[in-house]
Amino acid sequence: MTKPTSSAPSQRMLRVGEQVRAAITQVLQRGEVNDDLIEKTVISVSEVRMSPDLKMATAYVAPLGVSDHDAVIAALNKHAKFIRGRIGGQLRQMKYMPEVRFRDDTSFDNYQKIDALLRSPEVQRDLGTDEDKD
């Protein structure tokens, strides 16, 4: 059997990542983590990427309404083993419970920069509008 040449995640990695994302979201919503910073912060888990062997889960989170994302990420990583234990009940079908690590999701910042760039006068001038052609 040949090894796939694509570096894209497999369907299994995507499915398990989504299950882990849902489980982490439930743990955070229920307030099971006893940390003042985590309890008072609304945290959006936007994506979970699984390693090919499904033993490592990287959760990309966006703390909403907080200017210091690093403190929230550090608090989540401090409680990662506890969170891993709490999501175990929802992921019983897995042979190994993945180790969870948290990273800051910067995709929203990237989208904002692209949107601002596309709305800039220079780009609008180069694109032109249909009204100019009339």
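**Terms and values**

Mentor: H1 and H4 are roughly perpendicular to each other. The model is predicted, so local features need pLDDT of at least 70 and side-chain atom pairs count only at pLDDT 80 or more, while totals for chains, interfaces and linings use all residues. Residues are numbered from 1 along each chain as its sequence is written, and side-chain values use heavy atoms, with hydrogens and water left out.

Trainee: Why are H1 and H4 called roughly perpendicular?

Mentor: Their axes cross at roughly 110 degrees and come within 9 Å. Axes are lines fitted to C-alpha atoms, for helices over the stretch in contact, with angles from 0 to 180 degrees between N-to-C directions. Under 35 degrees is roughly parallel, over 145 roughly antiparallel, 65 to 115 roughly perpendicular, and the rest oblique. H1 and H4 are therefore roughly perpendicular.

Trainee: Which residues make the contact?

Mentor: H1 supplies Val20, Ala23, Ile24 and Val27, and H4 supplies Ile83, Arg86 and Ile87. Contact means heavy atoms within 4.5 Å. Helices are DSSP runs (H or I, at least four residues), as are strands (E, at least two), numbered from the N terminus.

Trainee: What is known about Ile87 beyond that contact?

Mentor: Not counting residues up to four places away in sequence, Ile87 touches Val20, Ala23, Ile24, Val27, Met97 and Val100. Ile87 is also among the residues that touch the most other members of the largest nonpolar core, which has 28 residues. Such a core is a set of buried Ala, Val, Leu, Ile, Met, Phe, Trp, Tyr and Cys residues joined through side-chain atoms within 4.5 Å. H1 gives the most to this core, with seven residues.

Trainee: What makes threonine 41 buried?

Mentor: Buried means under 20% relative accessible area, exposed over 50%, and partly exposed in between (1.4 Å probe, protein chains only). Threonine 41 is at 9%, so it counts as buried. Its place is in the loop between helix H2 (36-39) and S1. The side chain of threonine 41 reaches the backbone oxygen of leucine 37 at 2.6 Å.

Trainee: Is alanine 22 buried or partly exposed?

Mentor: Alanine 22 has 32% relative accessibility and therefore counts as partly exposed. Alanine 22 is found in helix H1.

Methods: A polar contact is a pair of N or O atoms within 3.5 Å; within protein, one must be able to donate a hydrogen and the other to accept it, and residues adjacent in sequence count only if both atoms are side-chain atoms.
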